[in-house]
Amino acid sequence: RLFKLINGEYKMNKKITFVLVLALAAFLVMGSASAGLFDFLGGGDNTVKIGYLPSDHDAALFVADAQGKYAEKNITTELVQFNNGGDLMTAMASGEVDVGYVGIAPVLSSVAKGVPVKVISSAQTEGSGIVVTDESGITSAADLKGKSIATPGEASIQYVLLSYYLKQNNLSTDDLNVSAMKVPSMNDALKTKQIDGIITFQPYVSIAANDSGNIVLENSSGMLPNHPCCVVVASDDFIKNHNDTVKDIIAIHENATKFINDNVKNGNASEVVKLLPKDIVSNPDLEAKSLESFPFISGIDNSFKADVDAFQKLEVDIGILNKTVDQKDLYWEA
């Protein structure tokens, strides 16, 4: 029996107690490798939290998730949407997110401030644009003076692009009425004439340009050809403790990027559109054109690093970064 009557009190049988201790120890050892045991004991969570923006720029993430590629590698994911890259990087700094699809501009600002994250892959280049209403009278960069322009926020790459574009045309953000706005809300603000223009990312450039009364003033490919945009980042802690998983995520991203490029190249962008979240795809035909309008890339090669270095110098020049970030502090390569 488990308990014996001793001196008028029930006490646990020592032999049975010893067996129970051994059994519990064996259970802990055998189960420690499984996420289920950790969840049962409240000691951990093997779910990889991936932050993203509601943007075509993150299409490789959406494709991989829809195709079940993470599940194939026994990776449980939780996709967490953010309004802009600054908010996503704040979440990474606090440990709320393990991996992020985000613009290089907020990544550079965060790393410069000591946030422990690394770029583990490139994701795409270009893919942004300035859209204005025809009633605004804006037909050139000079016409932006005194106008109201919305951006995703000062930490966004779109804000950097706008600042650079203005400087190239002897203006600055001080000459405009620049505000921050949630990207999905920008098009409604244009329709109701609350603002004169927006600088945003795809597919919202294509969506806004399709509305009557709006025109594309400049695409980012014209502002700064081949500029780096979104990258895949991971926290230093996640890289350290889940090295093999990070390698799998990089490989999954690369394969998803190839799927996108192969379909776009062969005129089958609609096959990619089918795998994207419904809150992004307002019009499948516009979505397909959006995917065709900028390059998707993966990996970290010397050419990409050089482009990022040039972009950093540009940010220093316009006063967004105080100094450039060393490559050793910015990248992690499998």
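**Helix α8 and its cover**

Guide: The buried residues of helix α8 are covered by elements that include β7, β8, β10, α9 (204-210) and β11 (214-219), where contact means heavy atoms within 4.5 Å. This is a predicted model, in which local features need pLDDT of at least 70 and side-chain atom pairs count only at pLDDT 80 or more, while totals for chains, interfaces and linings use all residues. Residues are numbered from 1 along each chain as its sequence is written, and side-chain values use heavy atoms, with hydrogens and water left out. Helices (H or I, at least four residues) and strands (E, at least two) are DSSP runs, numbered from the N terminus.

Helix α8 spans residues 183-191, and its buried residues are V183, M186, N187, A189 and L190; buried means under 20% relative accessible area, exposed over 50% and partly exposed in between, with a 1.4 Å probe and protein chains only. Seen down the axis of α8, these residues fall within an arc of 160°, so they line one face of the helix. The arc is that of the directions from the helix axis to the C-beta atoms. After α8 comes K193, with a positive phi near 60°.

Among the covering elements is β10, residues 197-201, where five of five residues are buried. G197, I199 and F201 point one way from this strand, and I198 and T200 the other way. Two strands pair if DSSP finds at least two bridges between them. Strand β7 (residues 128-133) pairs with β10 in the antiparallel sense over five bridges, and I130 has I199 as its bridge partner there. Strand β8 (residues 148-151) runs parallel to β10, joined by two bridges, with I149 opposite G197.
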